[in-house]
Amino acid sequence: MASKVMLVVIDGLGFQTAVEHCGFLESLVLAGKARRWKMASVLPSLSVPIYETLHSGVQPHDHGITSNDNVRMTGTDHVFKVARAQGRRTGAVAHFNFSELFNRAPFDPIEDMEVNDESRCVQYGRFYLQHGKTRFNIGLASEADLLNQASILVHRHAPDYLLLHSSGCDSVGHLYGGESPEYKKQAWATDDQIAQHLHRWQGAGYRVLVTADHGMSAFGHHGGNTDDVRMVAFYDIGHPKGGAAPELADQLSVAPTILDRMGLKIPKAMTAPPLP
């Protein structure tokens, strides 16, 4: 039977921090209940280009969204679009940039922040803003709130594909740096919330995939080609072969992996193979 899939994107969570501080996710790897790959992000290692790549399997220089400052509706065959075309239901709890990419742009918070619309690519959406951030108020959307919203969508609408995107590690990393105690504790806090909700998602029939768009440098930046900003973890919870995979994974494989786990046809533009 084809699976429902949830993709959890922990924005800004680097590989080493995940392995060292996400104790729940790592416990699943050690117990053989999850497969973990080390994955290299595409370039530039920036959020919005990678949000698109995670769902299209296409390099930024090919899909055209090459900066966080040129957000627009995507023109690719992406996971939400493919799922809808093959009769599946979709949902997201995520930063508003995902709405701009996959539902409509520009984002109108009154019309687009909460979506229940069967005609859209993301049919059930709960999108958040981070406008007006300052050093004393970094505009974090609480991980507890975000994961509860995801579980509510699971309970009320049961989307076949559900995106859950958290910005906490990215925001804290930009302020304090990727080697800071604050950043590492934020990684743990996100992992701890996953530990509290995973049983609900699995009980509802979801194959849960967890990854990041990019990592974070010690001085609180990303975008370049160093390992601290490019290397992320990719966890496939429920994979029949647990443990740590020896090979380096390609971020272009994420979109076809989602569709593969759902039992859906993969578009030709997604040239990377699904993860085995």
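**Inside the fold**

Biologist: What volume does the largest cavity have?

Modeller: Ground rules: it's a predicted model, so local features need pLDDT of at least 70 and side-chain atom pairs pLDDT 80 or more, while totals for chains, interfaces and linings use all residues. Numbering starts from 1 along each chain as its sequence is written, and side-chain values use heavy atoms, with hydrogens and water left out. A cavity is a set of points, on a 1 Å grid over the protein atoms alone, where a 1.4 Å probe fits but cannot get out; with points joined across faces, edges and corners, and volume taken as the space filled by probe spheres set on them, the largest cavity comes to about 40 Å³.

Biologist: Which elements give two or more residues to its lining?

Modeller: Lining residues have an atom within 4 Å of a point, and here they are I10, L13, G14, A18, V210, T211, A212, A233 and Y235. Elements are DSSP runs numbered from the N terminus: H or I of at least four residues for helices, E of at least two for strands. The ones that give two or more residues are strand 7 (206–211) and strand 8 (231–237).

Biologist: How many charged residues are in that lining?

Modeller: Ala, Val, Leu, Ile, Met, Phe, Trp, Tyr, Cys and Pro count as nonpolar, Asp, Glu, Lys and Arg as charged, and the others, Gly among them, as polar. The lining has seven nonpolar and two polar residues.

**Two enclosed strands**

Biologist: Is strand 7 enclosed or open, and how many of its residues are buried?

Modeller: Buried means under 20% relative accessible area, exposed over 50%, and partly exposed in between, with a 1.4 Å probe and protein chains only. Y206, V208 and V210 point one way while R207, L209 and T211 point the other, and all are buried. So strand 7 is largely enclosed by the rest of the structure, and the buried count is six of the six.

Biologist: Which residue of strand 7 is the bridge partner of V8?

Modeller: Two strands pair if DSSP finds at least two bridges between them. The partner of V8 is V210.

Biologist: And what stands opposite L209 in strand 8?

Modeller: Strand 7 and strand 8 run antiparallel, joined by three bridges. Opposite L209 you'll find D236.

Biologist: How many bridges join strand 3 to strand 5?

Modeller: Strand 3 (residues 90–95) has six of six residues buried, so it too is largely enclosed by the rest of the structure. It pairs in the parallel sense with strand 6 (residues 161–166) over four bridges, and T90 has Y161 as its partner there. With strand 5 (residues 124–128), where H95 stands opposite Y128, the strands run parallel and the bridge count is five.

**Charges and cysteines**

Biologist: Which residues are joined with D112 into one salt-bridge network?

Modeller: A salt bridge is a side-chain nitrogen of Lys or Arg within 4 Å of a carboxyl oxygen of Asp or Glu, and the count is nine. D112, buried at 0%, has its closest N and O atoms 2.9 Å apart with R104, which is partly exposed at 32%. D112 also bridges R120 at 3.1 Å, N to O, and R120 is buried at 16%. Bridges that share partners join D112 with R104, D117 and R120.

Biologist: What's the N to O distance for K81 and D77?

Modeller: Both are partly exposed: K81 has a relative accessible area of 37% and D77 sits at 36%. Their side chains meet in a salt bridge at 3.3 Å.

Biologist: How far from C22 is the nearest cysteine sulfur?

Modeller: A disulfide is a pair of cysteine sulfur atoms within 2.5 Å, and a search of the whole structure finds zero of them. C22 is in no disulfide, and the nearest cysteine sulfur, that of C169, is away by 6.9 Å.

Biologist: How far apart in space are V82 and M262, C-alpha to C-alpha?

Modeller: V82 lies in helix 5 (residues 79–85) and is buried, at 8%. V82 and M262 are 180 residues apart in sequence, and in space the distance is 11 Å.

Technical notes: 1 Å grid on protein atoms, 1.4 Å probe; cavity = no way out; pocket = protein on both sides within 12 Å on 5 of 7 lines; lining within 4 Å.
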